[in-house]
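Hi,

Here is the structure I promised to pass on to you. My notes on the two ligands and their surroundings follow below it.

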Amino acid sequence: MTTLLGCIADDFTGATDLAGLLARSGAKVSLRIGVPGEPARPEDCAPFEVIALKCRTAPVDEAIRDCRAALAWLRQAGARRFFWKYCSTFDSTPEGNIGPVAEALMADLGAEQTIYCPAFPENGRSVYMGHLFVGRQLLSESPMKDHPLTPMRDSNLMRLLDPQVEGKVGLADRAVVAAGPTALGGYLAQLRHDGIAHVITDAISDADLETIARACKDMTLVTGGSAIARPLPTLYREDGLLSRDSGEANHPPIAEKAVVLSGSCSAMSRAQVAAYLDRAPGFKLDPLALAKDGTAAARAWLADQPSGRAPLIYATAEPDEVRAAQEALGVGRAGQIVEEALADIAVDAFAHGVRRFVVAGGETSGAVTKALGVSRLAVDAEIAPGVPWTFAEISGEPVALALKSGNFGKETFFTDAFERLDER
Ligand SMILES: Nc1ncnc2c1ncn2[C@@H]1O[C@H](COP(=O)(O)OP(=O)(O)O)[C@@H](O)[C@H]1O
Ligand SMILES: O=C(O)[C@@H](O)C(=O)COP(=O)(O)O
């Protein structure tokens, strides 16, 4: 059927997060890795199409080029409403890519205004007076200040967005949101009249997100984290745009051999790795050793592991270890070496019969999924808010992948993931 909402995600965990939240409604969601090589045929498309890109930290021009190509494909699929998905912690560099991509998409779509709504209350992200909180902490005081690629050192979204865009930035604060969808719609119209193209929206609860979604459901372009998109299928149903058909599909059984790969250095991933090492064998990657000797030692270790709990290979490290690796190798190169190593290990693991992959980290998931040659993922059971199991076919073999955002899941996530897969 023709696509109702065309979504572009700036990383792969963000894409599965968004697809998982949209799929909670029972609607059919299709998740494609990269812009498909073939032109879109609306009859083969789902009402919700998500294109996963790996452009969060790409040079601005490259990110704009890739997102515009994704937009063109989604328009061919029939979409007239679009969603630009970035991180609920607004991960970006000083130059972008949140603002420049939004502005390029707006130009292509002739949209005068869009909203920016990263709030995800279920995962502790809220926005108040334009300031982003992670749990009880301001973004800039949260562990996101030490992110290896996008350290977030300011919590004021207007201040973060302003240098990234040419148009004017404004705020729809909590008082306006709390006044309900009609008041919010009127306020946005007033801001549009005043020439404000980019509006940060406060939201501290799911009820706020419902209000914003209701006020913005017909906006040509909405931008944000996944949670602002979650109410949209229900709203489209109310408007008679979407049928009640379930998108549920049966997936073939997946062979049991499994591996956990973690390239995320978030505080939550560090806790998850530590908890899992109490129960399963682990191998720690050292970026300097990888730069010198490659992945042979890790691959040999993996090949030697007895069956049982899925082994864990991780580069996950404390901020001072990450800084030391970055000082020795350069920030970009350190990240790339680790991503390429985990991708290389994943390909080797697949060749040795591994069919269940749990991957921690957005950039890491992008590298692993691309290397495995996955082009489309089917979304299945949610393990934790924003992290579903997904299924793919690689060389004709069914494979399960859980792509975990660095910050998501409980401490027991890796164990939870396999339990969830077995109980489906
Ligand atoms: N020990 C390390 N030293 C330096 N960089 C690292 C290390 N471990 C992982 N990285 C890099 O840090 C980045 C983490 O980003 P990502 O995978 O997106 O995780 P998250 O989801 O937590 O943001 C990746 O580029 C990864 O290769
Ligand atoms: O919105 C979110 O927080 C996630 O969907 C997301 O984008 C994850 O990014 P990483 O933390 O880099 O995995």
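**Around ligand 1**

Ligand 1 is surrounded by 25 residues, and the closest are Ser 264, Gly 335, Val 338, Gly 361 and Gly 406. Please keep in mind as you read that this is a predicted model. Three helices each supply at least two residues of the shell around ligand 1: H12 (319–329), H13 (331–351) and H14 (362–372). Sorted by class, that shell has twelve polar, ten nonpolar and three charged residues. As for where ligand 1 sits, it lies between domain 1 (5–238) and domain 2 (258–423), because both give residues to its shell.

**Around ligand 2**

Ligand 2 has 15 residues around it, of which Gly 14, Asp 17, Ser 88, Gly 362 and Ser 405 come nearest. Helix H1 (residues 12–23) gives the most to this shell, with three residues. In terms of class, the shell around ligand 2 has twelve polar residues, two charged ones and one nonpolar one. Domain 1 (5–238) and domain 2 (258–423) each provide at least three residues of the shell around ligand 2.

**What the record says**

For residues 5–231, UniProt gives the feature "domain: Four-carbon acid sugar kinase N-terminal", from an unreviewed entry. In the model, this span of residues 5–231 is 33% helix and 22% strand, and its end C-alpha atoms lie 12 Å apart.

Best wishes

Methods
Residues are numbered from 1 along each chain as its sequence is written. Chains are lettered from A and ligands numbered from 1 in the order in which they are written. This is a predicted model: local features need pLDDT of at least 70, side-chain atom pairs count only at pLDDT 80 or more; totals for chains, interfaces and linings use all residues. A residue is near a molecule or strand if its C-beta atom, placed from the backbone, lies within 6 Å of it. Helices (H or I, at least four residues) and strands (E, at least two) are DSSP runs, numbered from the N terminus. Ala, Val, Leu, Ile, Met, Phe, Trp, Tyr, Cys and Pro count as nonpolar, Asp, Glu, Lys and Arg as charged, and the others, Gly among them, as polar. Domain bounds come from an automatic or database domain assignment. UniProt positions are given in the numbering used here, feature names are shortened, and annotations may be inferred rather than shown by experiment.
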